[in-house]
Amino acid sequence: MSEATGAPNVSAAGNSPDAWCPAEKNDGTAWLELTFAKPVYATEIRVRQNNAPGEIAKIEAIKPNGTVYVWWQRVDPFVAPSVREIAWFAVRVPQTSYPVAKVKITLSLATVPGWK
């Protein structure tokens, strides 16, 4: 799970053993839930995608008591460039009035072929 947090350590687009990926490749959904050591009042989540970007389906913020706030839910608007590159996905919100203890990222694995 350490591949999903901290500073990016994959410098080029493409599949990498240093990046997190779900167990399935092109079918169903997968999710990744990250917990902050200390809850924060958040304004943004940024997801760095080094391989097969465009599959993010939902972003949720979760309070310490388990209350869930959907920050974003739709089809990922990513359009692949002519040259393969690392992509960033970001959702900005007004600073939350509640502390965010966790963030859950849901992927629609059939949206884009390849390992996510």
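Reply: On a 1 Å grid over the protein atoms alone, a pocket is an open set of points with protein on both sides within 12 Å along at least five of seven lines, a cavity is a set where a 1.4 Å probe fits but cannot get out, and lining residues have an atom within 4 Å of a point. Grid points are joined across faces, edges and corners, and a volume is the space filled by probe spheres set on them. The model is predicted, so to speak with care: local features need pLDDT of at least 70 and side-chain atom pairs count only at pLDDT 80 or more, while totals for chains, interfaces and linings use all residues. Residues are numbered from 1 along each chain as its sequence is written, and side-chain values use heavy atoms, without hydrogens or water.

Let's start with the open space. The largest pocket has a volume of about 900 Å³. Its lining counts 33 residues, and those closest to the pocket centre are Ala4, Thr5, Arg46, Val47 and Arg48. Among the strands (DSSP runs of E, at least two residues, numbered from the N terminus), β1 (29–40), β2 and β6 (100–108) each give the lining of this pocket at least two residues. The largest share, 6 residues, comes from β2. Sorted by class, the lining of the largest pocket holds 18 nonpolar residues (Ala, Val, Leu, Ile, Met, Phe, Trp, Tyr, Cys, Pro), 7 charged ones (Asp, Glu, Lys, Arg) and 8 polar ones (the others, with Gly).

Searching the whole structure turns up 1 cavity of 30 Å³ or more, and the volume of the largest cavity is about 50 Å³. Its lining consists of Asn15, Ser16, Ala19, Trp20, Cys21, Asn50, Asn51, Trp115 and Lys116. By class, that makes 4 nonpolar, 4 polar and 1 charged residues around the largest cavity.

Ala52 brings us to two of those lining residues again. Ala52 lies in the loop that joins β2 (44–49) to β3 (56–62). Setting aside residues up to four places away in sequence, Ala52 touches (heavy atoms within 4.5 Å) Val112, Pro113, Gly114, Trp115 and Lys116. Trp115 and Lys116 are also listed in the lining of the largest cavity. Ala52 has a relative accessibility of 10%, so it counts as buried (under 20%; exposed is over 50%, partly exposed in between, 1.4 Å probe, protein chains only). Its backbone deserves a glance too: phi of Ala52 is near 55°, a positive value in a residue that is not glycine. Elsewhere in the chain, Val70 is 18 residues from Ala52 in sequence, and their C-alpha atoms are 24 Å apart in space.

Beyond its neighbours within four places in sequence, Thr106 is in contact with Ala30, Trp31, Glu55, Ile56, Ala57, Lys58 and Glu60.

Finally, the wider setting. The protein chain has 6 strands and 0 helices (H or I runs, at least four residues), and its elements run β-β-β-β-β-β from the N terminus on. Along the principal axes, the C-alpha atoms of the protein chain fill a box of roughly 40 × 25 × 25 Å. Of the 116 residues in the protein chain, 37% are buried. Among contacts with a separation of 6 or more, 79% are between residues 24 or more positions apart.
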